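Me: Could you walk me through this structure, one feature at a time? I would like the general idea each time, and then the case at hand.

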Amino acid sequence: MAVTDKRGNDLALSGVNHWFGPTQALDGVSLRIDPGEMVALLGPSGCGKTTLLQIIAGFLQPTEGEVLLDGGRVDHIPANRRRVGMVFQNYALFPHLSVFENVAYGLRARKMPGAAIKAKVAEMLALVKMGHLADRLPSQLSGGQQQRVALARALAIEPGIVLLDEPFSALDKNLRLDMQIEIKGLLKGYGVTSIIVTHDQEEALSMADRIVVMNRGRIEQVGTPDILYDRPATLFVNQFIGHANFLQAALVAPRRVKLEAGIEIDLAEPAPQPVGSAVLVSIRPENIAISGTSAGPTIPVKVRITMPLGAADVIEAVTPNGETVKIHKTRSPASKPIASGTALALSVVDPTGIGIFAAPAGDPASTLHGP
Ligand SMILES: Nc1ncnc2c1ncn2[C@@H]1O[C@H](COP(=O)(O)OP(=O)(O)O)[C@@H](O)[C@H]1O
Ligand SMILES: [Mg+2]
């Protein structure tokens, strides 16, 4: 993504492998990030996100592979000589230093003259709207305010890239969304390249230009939020991003599946698997309609439970062969929840929204637990 302001570095990782003793934490990671782009590293705990961030920051040297900032190799340059700003999970502010001195810290370490430090800190605190609290100690600030100070400190050194490791995990849910919007606006407005680590898929979807989905030290897929949601490349990505129903089926023609739940569905494009193979069919809850008049084939189900989750009811129903299906039904003040035991007929709204994956060996239920 092109930005007019050339503040941000571009970053390239090439064939990065990392071992901690016998444990391989990163396995062949290659990735390019454009100047000014905001990228999320998303994946379950232990998949290597923090390790990758520390390699980019320079706190860790990769066992193998290259790290390039603006085309120049930096993997042997120590952290304090890279133009990289860090925001840590718990902000890591110095408790005995004022807000002003926390932001000034990296500038003093770089031997910037006092007057220039004063001007720079004032500029950074104004940017994050904390100028009026410059004399406070971190303990006298709310979580959101501490996070703004941590961001001001990271930006004060004029980094080409800012790395944020689970920066919202200490905030409660309501404040988190406000801070996500605010920090995204600040970083994009400032034009700096940024990488945010998260295990929260909603956070990744709402903040990032592109998302890097990681699993067991590898990159599963890189793409925009829309691409990852609509065209997941792997079963793992499909499971990890958003909610999906996985139904067992057989591919009976290149563009036709027969669900064990009963019906056959025509696909929008040919499936990559050979005809005759067992597949898992992914259908997002919002892609399932409760059919009034049966236009086309429907799956007969029985409602097990209806959960009122704010804007929508989530209905969990059971197919004739015992599979579980979740459906979203928009709520209105007048609507009544559908009672347990009610028989419904389900149909697929849009076949382009269906994902087809090779059925995993063994019991599929055991491998399909959500994040
Ligand atoms: N200092 C370390 N020593 C040994 N193993 C580590 C160390 N740091 C991380 N690991 C291991 O490397 C893998 C990746 O860890 P990490 O990058 O922290 O994952 P994430 O941030 O995605 O939760 C995990 O298996 C973890 O146990
Ligand atoms: Mg981590």
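Me: Which residues of α1 are buried?

Reply: First, a word on the ground rules. This is a predicted model, in which local features need pLDDT of at least 70 and side-chain atom pairs count only at pLDDT 80 or more, while totals for chains, interfaces and linings use all residues. Residues are numbered from 1 along each chain as its sequence is written, chains are lettered from A and ligands numbered from 1 in the order in which they are written, and side-chain values use heavy atoms, with hydrogens and water left out. Now the general idea: buried means under 20% relative accessible area, exposed over 50%, and partly exposed in between, with a 1.4 Å probe and protein chains only. Helices (H or I, at least four residues) and strands (E, at least two) are DSSP runs, numbered from the N terminus. In α1, the buried residues are Lys49, Thr51, Leu52, Leu53, Ile55, Ile56 and Ala57.

Me: What does that say about helix α1 (residues 49-57)?

Reply: Seven of its nine residues are buried, so helix α1 is largely enclosed by the rest of the structure.

Me: How many helices and strands does the chain have, and what share of its residues is buried?

Reply: There are nine helices and 20 strands. Of the 371 residues, 47% count as buried. The C-alpha trace spans about 75 × 50 × 40 Å along its principal axes.

Me: How do I read strand pairing, say for β4?

Reply: Two strands pair if DSSP finds at least two bridges between them. Strand β4 (residues 64-69) is joined to strand β1 (residues 11-20) by five bridges, and the two run antiparallel; Leu11 stands opposite Leu69 there. Strand β4 also runs antiparallel to strand β5 (residues 72-73), with two bridges between them, and Leu68 has Arg73 as its bridge partner. The turn of this β4-β5 hairpin holds two residues, and Asp70 in it has a positive phi of about 50 degrees.

Me: What is the strand order in the open sheet that contains β15?

Reply: The order is β15-β19-β16-β17-β18, five strands with antiparallel pairing. At the edges are β15 (288-290) and β18 (324-330), each of which pairs on one side only. Neighbouring strands here are turned by 45 degrees against each other on average, direction ignored; axes are lines fitted to C-alpha atoms, for helices over the stretch in contact, and angles run from 0 to 180 degrees between N-to-C directions. Strand β17 (residues 312-318) is antiparallel to β18 over seven bridges, and the partner of Val314 in β18 is His328.

Me: And which strands stand at the edges of the sheet with β13 and β20, and why is one side of each left without a neighbour?

Reply: That open sheet has five strands in the order β13-β12-β11-β14-β20, with antiparallel pairing. Strands β13 (264-266) and β20 (355-358) stand at the edges; each has a single partner strand, so one side of each lacks a neighbour in the sheet. The twist averages 40 degrees from one strand to the next. Three bridges join strand β12 (residues 256-259) to β13 in the antiparallel sense, with Arg256 opposite Asp266.

Me: Finally, what share of contacts joins residues at least 24 apart?

Reply: Contact means heavy atoms within 4.5 Å. Among contacts in the chain between residues at least 6 apart in sequence, 66% join residues at least 24 apart.
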